[in-house]
Amino acid sequence: MSVPVDGEKSVMVPKSVRRIFRGPRPETVPSLVGTACTVVGLLDIAGGAFPRFRHSRMHTVAEVLPGALGPFTAALALCAGVLLLLLAHGLKRRKRRAWRAAVVLLPIGAVAQFGYRHSIVGALISLVLLTLVVRHRTEFEALPDPRSRWKALANFVVLGAGSLGLGLIIVSVHPGRVVGSPSIADRLQHVLFGLFGFEGPVEYQGNTSWTVAYSLGSLGLLTAVTTIYLAFRPEHPAARLTDEDEKQLRALLAKHGGRDSLGHFALRRDKGVVFSPSGKAAVCYRVVSGVMLASGDPIGDVEAWPGAIERFMDEAKLHSWTPAVMGCSETGGEVWTRETGLDALELGDEAVVDVVDFSLAGRAMRNVRQMVKRIERGGYETRVRRVRDVSDTELERIRGAAAAWRGTDTERGFSMALGRIGDPGDGDCVIATAHKADGPESPFGDLKAIIHFVPWGKDGMSLELMRRDRAADPGMNELLIVAALEASPGLGVERVSLNFAMFRSALARGEKIGAGPVLRGWRGLLVFLSRWFQIESLYKFNAKFRPRWEPRFVVFRNTGDLPRIGFAAMQAEGFVNLGLPWPFSRRERVTEPPCTPLTGATGEGGARVA
């Protein structure tokens, strides 16, 4: 979704200044306010749930917190605590709506403290906090995140589960007041009834039953009110490429697409885009868990990159998103760090094969040569064509096979996956297929394996997807890559980008003679993690084709953001799925699946990963 901006500038920041101002200064006031809300919320919850806490020395502190009002102290304290905990994260991220909620909550708390309890101290605390929040109102200007009404169902599931757990604690923390010895089932039934406002089977002495009933009822009401609010508030969908955006990006790629092998992946339609003021450069991104993830280098003229990068940073600041870039080149990393003050870390290397230098001859290629010859003797044949030269019927069969052979329920791929095959606008893409006429029966006929390449400028192509029938012979990926490389001169292709190998340099240096204990230990850890992730296997698979290695970098604001960026990247790539549990999950229509990074070294799935 394009956002027009005014003005474009490129400021050269001296290196000495960049060392001092490495990134944006942390927002201390929102962070302190958010932390204060967290502490106050936990104290309110403790004061409402635990009777000993309410009558301890800490009770003098809890009494003056917003929400501890009159005879409904326990119930209101629980509600106030939960609401403050919900607000805390939004205040830390400078969200305007969280600030508005706090401005409404604090004066209500002050009036209630003075009107119901005649507590001047409690009213003063609320008013002091209100004064602090209003004074620093300019710190809370961030716009809302993309949202949909499905978050109402997520809120119901999460907050309902939290209310159930907290309710069990409330029912169980009055051992001296319970009549008889209720079982766990009785306590659970009492909680469920109480959340809906009904009396349960557990009985208490004195006024304790009223305290438990009000507490459970307030939790149930809070869950219902927040869910209804989320269900009926206006939707604010995530940014998507419009037809005009895609048209403009294709024009930029036609002129400058040869600079970055990941350029064509900017045409994924689940990404947003911001353009430079001149329209000569663009940055594509996706927002995941509050992280604004860009992938690869900016698209377009290098001279216009600073304008697009500045617009990207403005958009991140406007929404209080954490900016990050995955898989940019060395040139891109230099521009990003120079223009924004962000830092960069080498993430791995991209394998690039120069077609003119590729040959199966020689001792170094013996294993690949023998594998390819063995498969060809087994009756397999290959076809390498542009997408525009493939018939619609065969394209439909290829799409079906790619979906059936994906290997995982969750689609994977973001920075190095296009997410579709055979789109009318992608006629320059290349498809290599393996066929065997006398093989086992298959709904896809003689089709046994597929690899898909996207254009890399006018003289290159970049690997996007690899799929094969699990009943086919091993080595399908090697067979098709060799076939694509051998057919490249006829397609006008001079360079082919294969897979991305994370931490390739550490693996390569760690196995050499003379490597130190730290490097060997780091390599050992990577080899251990390769049991679950494609690290060593993907590196060795790439190395078979004798490529040259091009480093790729991750750009980030500060070291503390790296865990969050890594988790968001794993979500974007499809390794982590935080969707609702079945049967509550929303089923999305799947068109053409992107790359599935499973076991590229053995040829059982996609291998284009970041």
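1. Cysteines. Cys284 is buried at 6% relative accessibility, and Cys328 is buried at 0%; buried here means under 20% relative accessible area, exposed over 50%, and partly exposed in between (1.4 Å probe, protein chains only). The disulfide count is 0, with a disulfide taken as a pair of cysteine sulfur atoms within 2.5 Å.

2. Basis. This is a predicted model, in which local features need pLDDT of at least 70 and side-chain atom pairs count only at pLDDT 80 or more, while totals for chains, interfaces and linings use all residues. Residues are numbered from 1 along each chain as its sequence is written, and side-chain values use heavy atoms, with hydrogens and water left out.

3. Strand S12. Strand S12 (residues 548–556) runs antiparallel to strand S5 (residues 322–328), joined by 3 bridges. Strand S6 (residues 343–354) also pairs with S12 in the antiparallel sense, over 9 bridges. Pairing requires that DSSP finds at least two bridges between the strands; helices (H or I, at least four residues) and strands (E, at least two) are DSSP runs numbered from the N terminus. Phe553 in S12 stands opposite Cys328 and also opposite Glu346.

4. Cores. The largest nonpolar core has 44 residues, of which Leu249, Leu293 and Ile450 touch the most other members. Apart from it lies another core, of 33 residues, including Ala351 and Val493. A nonpolar core is a set of buried Ala, Val, Leu, Ile, Met, Phe, Trp, Tyr and Cys residues joined through side-chain atoms within 4.5 Å.

5. Ser276. Ser276 lies in the loop between strand S1 (272–275) and strand S2 (281–288), and is buried with a relative accessible area of 4%. Its side chain reaches the backbone nitrogen of Lys280 at 3.3 Å.

6. Aromatic pairs. There are 5 aromatic pairs: rings of Phe, Tyr and Trp (its six-membered ring) pair if their centres lie within 6.5 Å, with planes under 30 degrees apart counted as stacked, over 60 as edge-to-face and the rest as tilted. Trp405 and Phe444 form an edge-to-face pair, 5.7 Å centre to centre with 80 degrees between the planes. The two residues are 39 apart in the chain, and both are buried.

7. Tyr539 and Trp549. The ring centres of Tyr539 and Trp549 are 6.0 Å apart and their planes lie at 45 degrees, so the pair is tilted. Tyr539 is in helix H19 (residues 536–543) and Trp549 in strand S12, so the pair ties together parts 10 residues apart in sequence. Tyr539 is buried at 11%, whereas Trp549 is partly exposed at 22%.

Key
A polar contact is a pair of N or O atoms within 3.5 Å; within protein, one must be able to donate a hydrogen and the other to accept it, and residues adjacent in sequence count only if both atoms are side-chain atoms.
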